[in-house]
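Biologist: Can we walk through this model together? I'd like the outline before the details.

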Amino acid sequence: MYKKQMKMQRIACYLSIAASALVFLYALGIMTDLYDMLYTMVPVPDDPTSVKVAGAMIYYDMQGFNQSLLGASIGLVLSSVLLFITNTHSRRKYYIGNYAAICISAVANIGVALWAHGQIAAFKAQYLSTVDFEQLERRLSRAGTYTNSTFWFDVNTAIFAFALIVVALLVIGAVWKASLMKNERRLIEAGKAVSAS
């Protein structure tokens, strides 16, 4: 039973690294389409009258969030690395450090997923409701950088769902490990009682 549980905990730890790396890559890529389309539409960011296309300021509105998401994704990578530092991926018996690492990783992933998904949904709504896509298409048709895709807004659902699935695997693995350790202790104590009598 321990072998199956240890295999699961190893997989969960590696998936945790993969999920946090995916969030990091997402943070780097989320502004890609917006940069290509809207950066040149606001020649002077501090001057709202310089905006060439209505709603183009969303590119600058999202900068603070993007920087925060990048920082949070680095935090997720570090919390995943903590699982390996505490040998959660290979330890037969868990200690306080292992449970603490799992809790830190779980709380960080859940917190970032809920916060980021809410922010991205709000920015997507702003993007769809304020940007004048007809005017933007006219201006960018020759440059070939126009797209009405919301891919970078939408893909966050899959990325953060994956991160939450990994959290579930880590928690299930920890509960399973605690149960196995408890049963093992009970068997050892029962064996000692039998040999003493």
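Modeller: First, a term: buried means under 20% relative accessible area, exposed means over 50%, and partly exposed lies in between (1.4 Å probe, protein chains only). This is a predicted model, where local features need pLDDT of at least 70 and side-chain atom pairs count only at pLDDT 80 or more, while totals for chains, interfaces and linings use all residues. Residues are numbered from 1 along each chain as its sequence is written, and side-chain values use heavy atoms, with hydrogens and water left out.

Biologist: Fine. What does the secondary structure of the chain come to?

Modeller: Eight helices and zero strands. From the N terminus on, the elements run α-α-α-α-α-α-α-α. Helices (H or I, at least four residues) and strands (E, at least two) are DSSP runs, numbered from the N terminus.

Biologist: What box do the C-alpha atoms fill?

Modeller: Roughly 90 × 25 × 20 Å, taken along the principal axes. Of the 197 residues, 37% count as buried.

Biologist: And contacts? Which share of those between residues at least 6 apart joins residues at least 24 apart?

Modeller: That share is 80%. Contact means heavy atoms within 4.5 Å.

Biologist: On to the inside. Which residues touch the most other members of the largest nonpolar core?

Modeller: Met62 and Leu69, in a core of 32 residues. Helices H1, H2 (32–38), H3 (58–61), H4, H5, H6 (133–140) and H8 (156–196) each supply at least two of its residues. H5 gives the most, with six. A nonpolar core is a set of buried Ala, Val, Leu, Ile, Met, Phe, Trp, Tyr and Cys residues joined through side-chain atoms within 4.5 Å.

Biologist: What does Met62 touch?

Modeller: Leaving out residues up to four places away in sequence, Met62 touches Ile30, Met31, Leu34, Phe123 and Phe153. There is also a second, separate core of 15 residues, with Tyr2, Ala12, Leu83 and Tyr94 among them.

Biologist: Met31 came up there. Where does Met31 lie?

Modeller: In the loop between H1 and H2. H1 covers residues 2–29.

Biologist: Is Met31 buried or exposed?

Modeller: Met31 counts as buried because its relative accessible area is 8%. Beyond residues up to four places away, Met31 touches Tyr59, Met62, Gln63 and Asn66. The C-alpha atoms of Met31 and Met62 are separated by 8.3 Å, with the two residues 31 apart along the chain.

Biologist: New topic. How many salt bridges does the structure hold?

Modeller: Three. A salt bridge is a side-chain nitrogen of Lys or Arg within 4 Å of a carboxyl oxygen of Asp or Glu.

Biologist: Which residues are linked in a network of salt bridges?

Modeller: Arg92, Lys93 and Glu184. Arg92 meets Glu184 at 3.1 Å, N to O. Arg92 is in the loop between H4 and H5 and Glu184 is in helix H8, so this pair ties together parts 92 residues apart in sequence. Lys93 meets Glu184 at 3.6 Å, N to O. That pair also links distant parts of the chain, with Lys93 in the loop between H4 and H5, and Glu184 in helix H8, 91 residues apart.

Biologist: Is Glu184 buried or exposed?

Modeller: Glu184 counts as buried, because its relative accessibility is 19%. Arg92 is partly exposed at 38%, and Lys93 is partly exposed at 35%.

Biologist: What about Asp154? Which residue does Asp154 form a salt bridge with?

Modeller: Lys124, with the closest N and O atoms 2.5 Å apart. Asp154 is in helix H7 (residues 151–154) and Lys124 in helix H5, 30 residues apart. Asp154 is partly exposed at 34%, and Lys124 is partly exposed at 25%.

Biologist: Back to the loop between H4 and H5. Is Thr88 buried or exposed?

Modeller: Thr88 is buried, because its relative accessibility is 1%. Thr88 lies in that loop, between H4 and H5. Leaving aside neighbours within four places in sequence, Thr88 is in contact with Gln9, Cys13, Leu83, Tyr94, Asn98, Ala101 and Ile102.

Biologist: And what is phi of Asn87 near?

Modeller: Near 60°, a positive value in a residue other than glycine. Most residues other than glycine have a negative phi. Asn87 is in the loop between helix H4 (63–85) and helix H5 (96–130).

Biologist: Why does Asn87 count as partly exposed?

Modeller: Because its relative accessibility is 30%.
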